[in-house]
Amino acid sequence: MKRWLIALLCGPLPVAAQTAYVNTATQLRASPNADAEVLRALEPGAAVEIRARQGGWEQVTVSGQNGWVRMSVLQSRTPGSAPGVFEGGRQFATQTVATTGVRGLGEGDLQNAVPDLAAADGLATYAATAEQARAFAGDAGLHAAAIPKEDR
Amino acid sequence: MAAKRLALWAAAFGAVVVCGAQAFDLDLNRALGELKNLKTAVIGPDLQEEEEIGRVAAATLLGAAHPVSDPALEAYVNKVGLWVALQSERPDLPWRFAVLDTDSINAFAAPGGYVLITRGLLMHLHSEAELAGALGHEIAHVVLKHHLHALRREAGTQLMADLSSEAVARSSARAHLDRQLIGALSGQVKTLYSRGLDKSDEYAADQLGAQLAARAGYDPYGLAAVLQTLDGIDPSAGALALLYRTHPRPADRLAALMKISDRLDAYGAQATVSERFDAQLAAFKKP
């Protein structure tokens, strides 16, 4: 039970180092904070290595320099490649059924589906009770957070 | 339990109506009106109708993909999901969660408290906080009644009226819904779930979903991390086809979600619970 509690206390969450690209002009900051010192400007397309994440910030290394950027300014796709391909999802509207070799749930599968009411009623089998859910949360040291005034 | 209570009340009320009719030649329409009021007082017609619509919507999705046959995993997802749903404005719905046995990467919500996540999406997650965020998005759709409103708009008043009367009939004796009615509603469900909700509904569900996960004590950025993962998956592989067809692009959703980062940051650094998640998935992968 204590094991899960450790996750509550840790700082940045280390992630497997992966390359990502800056998708909008931004600044590399010294700490995960919008008011933190700016280390350098980053241009769209700049490649960075992701080291860790803390809240909505990613710790990255760029040209040997460590710092933090907002997670929304990073993408793992090569810049300029994909957006044009699936802009607005239109490209995929015509090929939703093409899932050869994949046991998928595409539009075709949905259109051909015969409603399975017994399966829907059967979902109640695994439903948890509120007591079970609370005990389960407690096991991991999870508590319902007081809603901060910023989020009311 | 609610249905049982309703049946009991209806039986008692019925007896009064019959006696009253003999003695005072009570108008039948008035009696039916009274019965409707009584039903409203006990469980509410809206909730009954929502449950019927949700049942057919979930049944349609389950007709396309079955749940995985792993009771431990299903129980785990139900506990995470209910813990998040308990933080919502509708904690008392009969929340039911399931993992669909498909490689496609997606998740679905249906009115009345049904939430389905695909094995394909589950396998791309890294922590319980990410699972809570993904389920939170679907829970938000139910709480905000997005599919319910869309189906009510599309289905037309006659279908809804038929469904309501079927729901009343079913509440006392669990009779089968009329086959034609199921077919008509299921057709509307297929159209909606192939076309998707309004983009604004998806952005609203991201926002509330992240907030619900945060209120449950999880890292508020679990959903954001999921969107970042989705953005990195090659969409031409096909597993994301339906998701892309029905949702704004993950990068756009992430950018929109980050606009409320002040509200998410206010929760501070919270738990990701990745160890318990990893243990559950490891047990699932090698049964």
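Student: In E3(B), which residue is the bridge partner of Val99(B)?

Tutor: Keep in mind that this model is predicted. Strand E1 of chain B, residues 96-100, pairs with E3(B) in the parallel sense over five bridges. For Val99(B), the bridge partner in E3(B) is Ile117(B).

Student: And which residue of E3(B) is the bridge partner of Phe108(B)?

Tutor: Here we turn to strand E2 of chain B, residues 107-110, which pairs with E3(B) in the antiparallel sense over four bridges. The hairpin of E2(B) and E3(B) has three residues between the strands, and Gly112(B) takes a positive phi near 90° there. As for Phe108(B), its bridge partner in E3(B) is Leu116(B).

Student: Are the residues of E3(B) buried or exposed?

Tutor: In a regular strand, side chains alternate between the two faces of the sheet. In E3(B), Tyr114(B), Leu116(B) and Thr118(B) point one way, while Val115(B) and Ile117(B) point the other way. The strand is mostly covered, with five of its five residues buried. So whichever way they point, going by the count of 20 or more other C-beta atoms within 10 Å, they are all buried.

Student: How is H6(B) oriented relative to H11(B)?

Tutor: Take the axes of H6(B), residues 128-143, and H11(B), residues 222-232: they come within 7 Å and cross at roughly 90°. Angles of 65 to 115 degrees count as roughly perpendicular. That's why H6(B) and H11(B) are roughly perpendicular.

Student: How many nonpolar residues does the contact of H6(B) with H11(B) have?

Tutor: Residues of H6(B), including Ala129(B) and His137(B), meet Gly222(B), Leu223(B), Ala225(B) and Val226(B) in H11(B). By class, the contact has four polar residues and one charged, and the nonpolar ones number six.

Notes:
Residues numbered from 1 in each chain as written. Chains lettered and ligands numbered in written order. Predicted model: local features only at pLDDT ≥ 70, side-chain atom pairs only at ≥ 80, totals over all residues. Axes fitted to C-alpha atoms, helices over the stretch in contact; angles between N-to-C directions. Helix = DSSP H or I, 4+ residues; strand = E, 2+ residues; numbered from the N terminus. Parallel < 35°, antiparallel > 145°, perpendicular 65-115°, else oblique. Contact = placed C-beta atoms within 7 Å. Nonpolar A, V, L, I, M, F, W, Y, C, P; charged D, E, K, R; others polar. Buried ≥ 20, exposed ≤ 12 C-beta atoms within 10 Å, placed from the backbone. Pairing = 2+ DSSP bridges.
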